[in-house]
Amino acid sequence: MSKLTIFKHPLINHKLTIARDENTNMKDFRALINEIGGLMAYEITRDLPEKEIKVTTPICETVGTTLATDVVIVPILRAGIGMVDGIHNLIPTAKIGHVGLYRDEKTLEAHEYYAKFPKEMPEASVLLVDPMIATGGSVIMAIDALKKRGAKDIRLVGLVAAPEGIKKIQELHPDIDIYLAALDEKLNDVGYIVPGLGDCGDRLFGTK
Ligand code: PRP
Ligand code: URA
């Protein structure tokens, strides 16, 4: 069974609470989602392998470390884009793949419309990013797409999730570790997370 980590960090909780507020404007909302992404990535990458390298300081030669793995960030379009800068600021060498999915508003089924990944997928540590995990359908389809390209080390970075979606992901992809800022109560009858934060893509990009 995959590991489920829900961050209980005062800074994440504080920022998420402001993001949930319907009165938070688009600019602040976007900044908060990015900041939470960065805070989460700091912890999620704690076990990445390192290798020693020589470095010459102004004083002498010494030994430091560098990452011994490629990192690929894969946002699920659109809302996943909202967390990318926050993570990329911490790991500027990371490459970025994209998977475009939209949910049919009636059936809630995910549909893929775009996919482009760097060649490093099979060996890389892949951070799959989607702030909202509702039925889980989008994430499941995205993980299928990543595995098809050979990805093995996939870490799912979500902001807010419904228990229904997490259960389904764990059933179908038990090898994927899941990291969240919050596990909410449930889905409502139109497939939105309760209490959630509304439509994340619309709030990030000012659509609707
Ligand atoms: C939202 C959200 C997730 C998905 C979650 O995207 O960003 O990707 O729904 O729902 P699920 O777990 O039930 O699949 P949406 O399809 O609204 O597209 P958008 O990001 O382009 O607005
Ligand atoms: N997508 C969102 O943006 N919000 C939800 O609550 C569910 C899916």
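A backbone N or O atom of Ala79 lies 3.2 Å from an oxygen atom of ligand 1, which makes a handy way into this predicted model. Two further contacts involve oxygen atoms of this ligand. A polar backbone atom of Arg103 is 2.7 Å from an oxygen atom of ligand 1, and for Thr135 it is an N or O atom of the side chain that comes in, at 2.5 Å from an oxygen atom of the ligand. Taken on its own, ligand 1 has 500 Å² of accessible area, and the protein covers 89% of that.

The shell around ligand 1 counts 14 residues, and those that come nearest are Arg103, Asp130, Ala134, Thr135 and Ser138. Sorted by class, this shell holds seven nonpolar, four polar and three charged residues. As for where the ligand is found, ligand 1 sits in the largest pocket. Elements E6, E8 and H4 each give two or more residues to its shell.

Now for the other ligand. Around ligand 2 are Arg103, Met132, Ala134, Gly191, Tyr192, Ile193, Gly198, Asp199 and Cys200. That shell splits into five nonpolar, two polar and two charged residues. Arg103 and Ala134 turn up here, and both are also among the residues that come nearest to ligand 1.

The polar contacts listed for ligand 2 go to the protein backbone. Ile193 places a backbone N or O atom 2.9 Å from an oxygen atom of ligand 2. A polar backbone atom of Cys200 is 2.8 Å from an oxygen atom of the ligand, while with Gly198 it is a nitrogen atom of ligand 2 that lies 2.8 Å from a polar backbone atom. Of the 240 Å² of accessible area that ligand 2 has on its own, the protein covers 89%. Ligand 2, too, sits in the largest pocket.

What about the pocket itself? The largest pocket takes in about 720 Å³ of space. It is lined by 30 residues, of which Tyr102, Arg103, Ser138, Tyr192 and Asp199 are the closest to its centre. In terms of class, the lining is made up of 15 nonpolar, seven polar and eight charged residues. Several elements supply at least two lining residues each: strands E4 (71-77), E6 (98-103) and E8 (125-133), along with helices H4 (137-148) and H6 (200-205). Of these, E6, E8 and H4 also give two or more residues to the shell around ligand 1.

Notes:
Residues numbered from 1 in each chain as written. Chains lettered and ligands numbered in written order. Predicted model: local features only at pLDDT ≥ 70, side-chain atom pairs only at ≥ 80, totals over all residues. Heavy atoms only, no water. Near = heavy atom within 4 Å. Polar contact = N/O pair within 3.5 Å; in protein donor to acceptor, adjacent residues only side chain to side chain. Areas by Shrake-Rupley, 256 points an atom, 1.4 Å probe, with all protein chains shown as cover. 1 Å grid on protein atoms, 1.4 Å probe; cavity = no way out; pocket = protein on both sides within 12 Å on 5 of 7 lines; lining within 4 Å. Sits in = over half its atoms within 2 Å of the grid points. Nonpolar A, V, L, I, M, F, W, Y, C, P; charged D, E, K, R; others polar. Points joined across faces, edges and corners; volume = space filled by probe spheres on them. Helix = DSSP H or I, 4+ residues; strand = E, 2+ residues; numbered from the N terminus.
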